[in-house]
Amino acid sequence: WCAVIMTTAICIIFMVMNIQIGTANNLLADMVMEVERNGFPGIVPYRHTVQAFNEATEAALETERIFRFWMTIFPFVLLSRLFKSFKAQKRLAIVSDTFIVARNDMMHFFIVFLSVYFCMTVNAVIFFGQDQLDFATIDRALFSCFRAMLGDWDWDSMDDIGIHKAFLWFVIFMLVMVMILLNMLLAILMESYAIVKEDAANADSLMQQIKSMVRRAQQNKRKERVKLNDIWDALYQDNQSDQDKLLSSERKIYPSYLLEIVQGIPLSQATRTLNNSRTDYDRKHDPAFELTDFKEGLTNMVTRMDYSAMCSTYLNLKLQQYQGLVNQEGLFESSNAMAALTEGPPKTEIQEVFQVPKASTEGSPEPIQQAAEKALDKVRVLAQERSVEMADGIASILGEEMQELERRQNDQKKSIDSTAKSLQNLREMIHKLNQTCGEIGELAHDLGYSDAAMLQVSALARPAQSSLQDAVPTPALEDGTI
């Protein structure tokens, strides 16, 4: 709507400007024709004619200025419409989504940033305002400090107030505004960018989306699918044309329901549409995986392993007892031992494997021995299956944790590299200041200043170099070289 309103306003202003330009041209033509027919008129009528022409020209110029102003704003409206269109593609919307995710952090950051920036600007007005036109007023100082923050400053003019004052203000401004606050802003944006990029990692690329649109158009042409708008219209009409009721409904939708209300929709499209909708909903609304979830699952796995170990120990003891009874006391006592085994603690999934049918106890001990061997085989298979499941689960969880630790190590490495680069830039900046002090000393020598002035300049250069060596450690490469 903003684009429509602005386009209408620009068209109206353009028509008014053309009308005013035509009026001014007509007045000018009338003046020329009057002079050609009757010669130059008297001073009073000529003055009125010229005044009317000037007023028409001034009105046309004012309208043209307003027209240019609105034409300057109109590209920003088009840019906002482009970003709105980019939301239809997940990968194109990474930039806008990054600012949306970081908006709360950026709001609090800019409160601190603007407060510090305004204080440094006022300090610059107090320091440099009497000697430099760029810092004479607050508005000029705001613009000059912004230029200095981006690397555009005039050190020669700043040095007029004294090298100590200028150096002190300049170093504090660069440390606080550039090296700390601007890097914090980049850190906020990059953190939000990493979150948005991870969310869009599985999204379709632009080419894949174009292929999907072409496929849908071809299927629509062959009557093999229906448009998504048709599905929405069918759901809308099925809910008494009440959008709020449709969006707040908790009814579960199945492919059969879509086949009933949407005319001509195939079963494959109904199933695919519902699966995609469920996937998108789960990705947006399911809670993120946290360490507490990992702890709970791992605790359950450890508890189950303890229970499995206890059951295995119990079964081993019972099997040894049963084998001894079979070998020593014969069939009758073996049957009693099996009955005692089955009448023990409450039956579990593993104990039920060793339950021997009563019919197997009415004969020679061979069926009992065969049943015991079958039970041992079942226990072995069951133990192997459970062991594989537990091993796969533990390997999956530990793999995810190792990936998370590796990502954190990479982030820490990037942060250390960024800090080293910042310190190196600081070293180079102070080195340039040291060279500037040396050039000032040479200039003083050329102008014939006294030796005391030259010693003062040299004294200023030495503390800068020593403070640089104390504040900025020399980075070392991996092979030990400096």
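Helices here are DSSP runs of H or I with at least four residues, numbered from the N terminus. This is a predicted model, where local features need pLDDT of at least 70, side-chain atom pairs count only at pLDDT 80 or more, and totals for chains, interfaces and linings use all residues. Residues are numbered from 1 along each chain as its sequence is written, and side-chain values use heavy atoms, with hydrogens and water left out.

**Whole chain.** Zoom out. The protein has 15 helices and zero strands. Of its 482 residues, 22% are buried. Buried means under 20% relative accessible area, exposed means over 50%, and partly exposed lies in between (1.4 Å probe, protein chains only).

**Helix 1.** Select residues 2–38. The expected span is 1.5 Å times one less than the number of residues. Now color the buried residues: Ala3, Met6, Ile10, Ile13, Met17, Ala24 and Met31. Helix 2 (43–86) is part of what covers them.

**The largest core.** Next, show Phe128, Cys145, Trp169, Phe170, Phe173 and Met177. They have the most contacts inside the largest nonpolar core, which has 31 residues. Such a core is a set of buried Ala, Val, Leu, Ile, Met, Phe, Trp, Tyr and Cys residues joined through side-chain atoms within 4.5 Å. Helix 7 (163–199) is one of the elements giving two or more residues to this core. Its share, 10 residues, is the largest. Stay on methionine 177. Among the residues it touches are Phe113, Tyr117 and Leu182. Contact means heavy atoms within 4.5 Å. Apart from this core lies another, of 11 residues, including Val226 and Leu274.

**Salt bridges.** The count is six. Each has a side-chain nitrogen of Lys or Arg within 4 Å of a carboxyl oxygen of Asp or Glu.

- Select glutamate 62 and arginine 65, which meet at 2.5 Å, N to O. They are three residues apart in helix 2, so about one helical turn separates them.
- Select aspartate 199 and lysine 90, with closest N and O atoms 3.3 Å apart. Aspartate 199 is in helix 7 and lysine 90 in the loop between helix 2 and helix 3 (94–101), so the pair ties together parts 109 residues apart in sequence.
- Select arginine 251 and aspartate 238, with closest N and O atoms 4.0 Å apart. Arginine 251 is exposed at 51%, while aspartate 238 is partly exposed at 33%.

Key
Lists of a residue's contacts leave out its neighbours within four places in sequence.
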